[in-house]
Amino acid sequence: MSQIKRIGLDTSKAVFTLHCVDQTGRAVLRTNLRRAQMATFFKNLAPAEIALEACASSHHWARELSTLGHEVRLIPPQYVKPFVKRAKNDRNDAEAICEAAGRPGMRFVPVKTAAQQAQGMVLKVRETLVNQRTQLVNALRGHAAEFGIIAAKGISQIAPLLEAIEAVATIPSEAREMLALLGQEIEHLDSRLNEMEVKLTAAHKANALSQRLATIPGVGRIIALTFATEVDPTAFESGRHLAAWIGLTPKEHSTGGKQRMGGISRAGNERLRRLLVTGATAVIRFATRPGNKHASEWLLKLLQHKPRKLVAVALANKMARIAWAMMKSGEAYRRPTAIAATVAA
C-alpha cells in the first residue's frame, strides 16, 4: 500500500474500480470497492494522487477524498477516452484514467465546493422548469388546435386560450378536463418559477462579481450568475481558452499544412454557450437602430458582410473573452465608443 503513487478511480453508483501504480508506473493493485468500503480504504491509505473522470458525483468524491489528505484531480472524459485499450469495461476505464492523469500536458477540472454546486443547481433547476413549462404550453396549444382553437405563441397567450376553450361548448368533457389540467400545471410551474426568480435576483444582488459582469451588453443576471458560480478564471490561460472551452471557436480539420476551419466545436458548457448566443442575438437585434449605445464599429462592420447568426456567435465569443478579462483583473466593463452609423438589416 505504501508503494502506491497514483490511483485511477472509475466511479459508479455501487461499485468503484481502482487501478493503482507505483513510482515507476507499474500496476501494483487492481481491485473493486463497494460504496461502503471507500472511506475505510482511503483513510488507511498513505496520501496519494487520485484521478477521476469529471462526471456525476465526481466533485463529491473529490471533496471527500481531499479531506482524507489525498490529492484529487478531475479529468474531462473526452481526454480519458484515447487511453482506453480495446474493450470498454471498468478495469480498462480505471487504467485509462490513471494513465491520462500521468501525462505532462493533461488538463484538469477544478473541484467545486458544495456551495458552488448548490448555487449552480438553482440555475439548472430553473432551466428544467422552464423547459417543462414550454413542453406543457406546446401540448396545450396543440391539443386545442385539434378542436379548432388557435392561439398565438407566448406565455401571455395561455390565459386567453383557456378562456376560449371554456367558451366552446362543442368540446367533449374528457378533452375539456385534460386541457384544464394542462392549464393548472402551467399555472403551478409559473408560480414556482416566480419564486425562483426572486431567489436568483437576491443572489445576483448579493454577488459583486455577478453585478459587474451584468454591465456587459447582452449579459443579464442569469448569464452573470452562471459565470460567477460555474467558471473559475484561473483555470484558463486567456479569454480565448475560455471561449474554446465553452465551444464558441471553430472546429479544426487541418492536415498537410492546409488549415481547414469548420463550425463551432460545441465543446464544454452547453448551457452557457446557449445563453451567450441568445444574449448576443438580443444585442444584434437593436444594434442597427440609430443612437444605439451598444452599436460598436466592430459589430456594425461585421453585420455588413456576415449573416446574423454567424455574427451572433462571434459576438458571444467576444462576450466570453470580456467576461474572463473582468473576472481575472477585477476591473469594471469599459464601454467602447458608439458610432452613429447604421447598416441595412
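Which residues of helix 7 are buried? In this predicted model, local features need pLDDT of at least 70 and side-chain atom pairs count only at pLDDT 80 or more, while totals for chains, interfaces and linings use all residues. Residues are numbered from 1 along each chain as its sequence is written, and side-chain values use heavy atoms, with hydrogens and water left out.

The buried residues of helix 7 are Ala 175, Arg 176, Leu 179, Leu 182, Gly 183, Ile 186, Leu 189, Leu 193, Met 196, Leu 200 and His 204. Here buried means under 20% relative accessible area, exposed means over 50%, and partly exposed lies in between (1.4 Å probe, protein chains only). Helices (H or I, at least four residues) and strands (E, at least two) are DSSP runs, numbered from the N terminus. The cover over the buried residues of helix 7 includes helix 5, helix 6 (158-167), helix 8 (208-213) and helix 9 (221-230), with contact taken as heavy atoms within 4.5 Å. Helix 7 covers residues 173-206, and its 34 residues should span 50 Å at 1.5 Å a residue; the end C-alpha atoms are 50 Å apart, which agrees. The expected span is 1.5 Å times one less than the number of residues.

Turning to the sheet, five strands form an open arrangement in the order 3-2-1-4-5, with mixed pairing. Two strands pair if DSSP finds at least two bridges between them. Strand 3 and strand 5 (71-75) stand at the edges, each with a single partner strand, so one side of each is left without a neighbour in the sheet. From one strand to the next, the twist averages 20°; axes are lines fitted to C-alpha atoms, for helices over the stretch in contact, and angles run from 0 to 180 degrees between N-to-C directions.

Strand 2 and strand 3 (residues 27-34) run antiparallel and are joined by seven bridges. Within this pairing, Cys 20 stands opposite Leu 29 of strand 3. The hairpin of strand 2 and strand 3 has five residues between the strands, and Gly 25 takes a positive phi near 90° there. Strand 4 (residues 49-53) instead pairs with strand 5 in the parallel sense, over five bridges, and Ala 51 has Arg 73 of strand 5 as its bridge partner. Helix 2 packs on the sheet, touching strand 1 (6-10), strand 2, strand 4 and strand 5, and its direction makes about 165° with that of strand 5. Helix 4 (residues 90-101) also packs on the sheet; it touches strand 1, strand 2, strand 3, strand 4 and strand 5, and its direction makes about 135° with that of strand 1.

The structure holds three aromatic pairs; rings of Phe, Tyr and Trp (its six-membered ring) pair if their centres lie within 6.5 Å, and planes under 30 degrees apart count as stacked, over 60 as edge-to-face and the rest as tilted. One of them joins Phe 16 and Trp 61 edge-to-face, at 5.2 Å centre to centre with 75° between the planes. Phe 16 belongs to strand 2 (residues 15-21) and Trp 61 to helix 2 (residues 58-67), so the pair ties together parts that are 45 residues apart in sequence. Both Phe 16 and Trp 61 are buried. Phe 236 and Trp 245 make a tilted pair, 5.4 Å centre to centre with 55° between the planes.
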